[in-house]
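Hi,

Here is the structure I promised to pass on.

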Amino acid sequence: MRVFVFGNLNSGKTTLSQQLLQHLPEYKHLSLDDFRRQYSDASLEGEERAIRQFVDAVLSTPNAIVDFTGHGQAATQLQAKLPNTCGIMLIKASSPEQAKANLVIRKYSELPYPSQFTDIESVPETIDRLSEHMDESALMADWQHKVWQSYSVPYNADIRVILRLITLEHHQLIESLKLFANANHEITCLILFGSAGANELRSTSDLDFFVQTSLSPIEVLRLINTSNLINAVHTDILGNKITIRTCSALLLELTCSATLDDISIYYRESCIKRPSSTILKGCEDIRAKLEAVLLTEPTHQQRATDVAAQLFFLFCSLPNLIKVQDTYKYGFHTNIMLHYAIQLESLLANETRHNYLPKQAAQKLPNFPWHVFNISYSEIDSRQYHMLHSYLAELYGRLEEQNLIPLDKYFQSQSQCLHELQ
């Protein structure tokens with residue numbers, strides 16, 4: 001895995017790189033300035049020679065901390081030659097004022113940088129010029145094909161804070177799965193989704209992968225175990241999904257299938273902005289397919305219409321379950337209805353991110369009537385059913401007012417018999 005440390009002049013890139021080496025001792029530090037000192041003679045030809053040597057070193061060093069601005073001729077050459085999604089990007093966030101505050105001009109004047117450039121632009125002027133290229137959105141736009149995750153590192157942040165922010169264990173496991181996929185021709189694609197795919201990885205995040213293969217999950221798991229790339233303490237297979245847990249309780253989920261259809265809803269729900277950064281291994285047209293998945297996101301009305309139909313179907317099953325006193329099935333149906341009601345209330349509140357399973361619903365829907373869905377598995381309380389009936393009729397009324405579901409389709413007089421207790 002390559003760790004790209006980017007940022008403006010005098011932003012602390014080298015200091016951060018040296019701190020990271022203490023935690024990644026097997027990695028090599030590759031700084032463009034070091035290559036300038038070794039290979040350049042302050043001429044344009046010397047600068048080009050230093051950049052060539054630097055680029056060759058980065059290409060030949062799979063485990064490296066790569067330290068330079070992330071912009072300019074060296075960046076252009078690396079972007080053209082590096083394999084896709086080969087690491088993570090750390091951006092040393094600093095304002096031009098911060099970068100210039102403790103500037104030691106002598107340090108930069110001793111660099112063999114071409115005089116054609118230094119004669120027309122001072123170091124503070126260079127800092128000002130580069131600043132517009134140094135924010136996370138600008139660098140991620142340039143480097144999205146080469147990294148699977150980016151982080152904006154606060155100026156002068158403590159290394160312990162930085163390590164908690166970047167969760168190295170997650171990224172080393174992503175690298176291990178990438179190496180595994182590249183070593184096995186039976187795997188045609190390896191795609192990240194979930195929080196890692198959305199560039200929102202946190203220390204508490206699971207890792208979600210799509211493995212495109214004709215192999216069965218059992219065969220894929222056997223290959224993973226044989227590779228010894230992952231130190232797993234527990235593995236299991238749930239349908240077409242492999243689950244792997246490490247000793248730190250980090251969970252990896254690998255959905256194995258021959259088609260993207262099996263993860264399309266989860267890929268959309270991940271709110272992924274840059275599909276190219278999610279492709280760890282893939283054929284030429286996979287990015288276009290992933291972009292098509294994101295473009296097929298249903299409208300609020302389509303989602304609400306589908307979920308409302310599912311919810312009403314389950315609600316109409318409850319009277320008969322009360323009649324036969326099937327307490328378990330009544331409770332099971334009611335819990336699924338709770339899930340659907342949360343989805344519909346979230347759509348009404350315009351909380352549409354991750355609508356399939358809305359995150360932090362208890363905080364984002366503070367007025368939700370949780371008590372209406374309280375059930376007992378030992379007996380059915382008809383009063384709870386009547387509260388549920390009243391709430392759902394009111395909910396569907398609000399959905400109709402917002403034109404999210406068809407008018408006069410649910411809770412009408414002609415269908416009253418479907419949800420009356422006998």
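Predicted model: local features only at pLDDT ≥ 70, side-chain atom pairs only at ≥ 80, totals over all residues.

Let's begin at Asp-158, which sits in the loop between strand 5 (147-153) and helix 10 (159-166). Helices and strands here are DSSP runs (H or I with at least four residues for helices, E with at least two for strands), numbered from the N terminus. Asp-158 is partly exposed, with a relative accessible area of 32%. On that scale, buried means under 20% relative accessible area, exposed means over 50%, and partly exposed is in between, using a 1.4 Å probe and protein chains only. The side chain of Asp-158 makes a polar contact, reaching the backbone nitrogen of Arg-160 at 2.8 Å. A polar contact is a pair of N or O atoms within 3.5 Å; within protein, one must be able to donate a hydrogen and the other to accept it, and residues adjacent in sequence count only if both atoms are side-chain atoms.

Residues are numbered from 1 along each chain as its sequence is written, and side-chain values use heavy atoms, with hydrogens and water left out.

Now to another loop residue. Ser-270 is in the loop between helix 14 and strand 11 (279-281), and at 6% relative accessibility it is buried. What does Ser-270 touch, not counting residues up to four places away in sequence? The answer is Phe-193, Gly-194, Ala-198 and His-354, where contact means heavy atoms within 4.5 Å. With Gly-194 there is also a polar contact: a polar atom of the Ser-270 side chain lies 2.8 Å from the backbone nitrogen of Gly-194.

Helix 14 itself (residues 264-269) holds Tyr-266, which is partly exposed at 39% relative accessibility.

On to salt bridges, meaning a side-chain nitrogen of Lys or Arg within 4 Å of a carboxyl oxygen of Asp or Glu. By that rule there are 13. One of them pairs Asp-34 with Arg-37 at 2.9 Å, N to O. Both of these residues lie in helix 2 (residues 32-39), three residues apart, or about one turn of the helix. Asp-34 is partly exposed at 36% relative accessibility. Another has Arg-303 and Glu-269 with their closest N and O atoms 3.9 Å apart. Arg-303 is in helix 16 (residues 300-315) and Glu-269 in helix 14, so this pair ties together parts that are 34 residues apart in sequence. Both Arg-303 and Glu-269 are buried.

Last, the aromatic rings. Rings of Phe, Tyr and Trp (its six-membered ring) pair if their centres lie within 6.5 Å; planes under 30 degrees apart are stacked, over 60 edge-to-face, and the rest tilted. How many aromatic pairs does a search of the whole structure find? It finds 21. Among them is the tilted pair of Phe-4 and Trp-143, at 5.3 Å centre to centre and 40 degrees between the planes. Phe-4 lies in strand 1 (residues 2-7) and Trp-143 in helix 9 (residues 136-143), so the pair ties together parts 139 residues apart in sequence. Phe-4 is buried at 0% relative accessible area, and Trp-143 is buried at 0% too. Ring pairs also link Phe-4 and Trp-143 into a cluster with Phe-6, Phe-35, Tyr-39, Phe-54 and Phe-68.

Cheers
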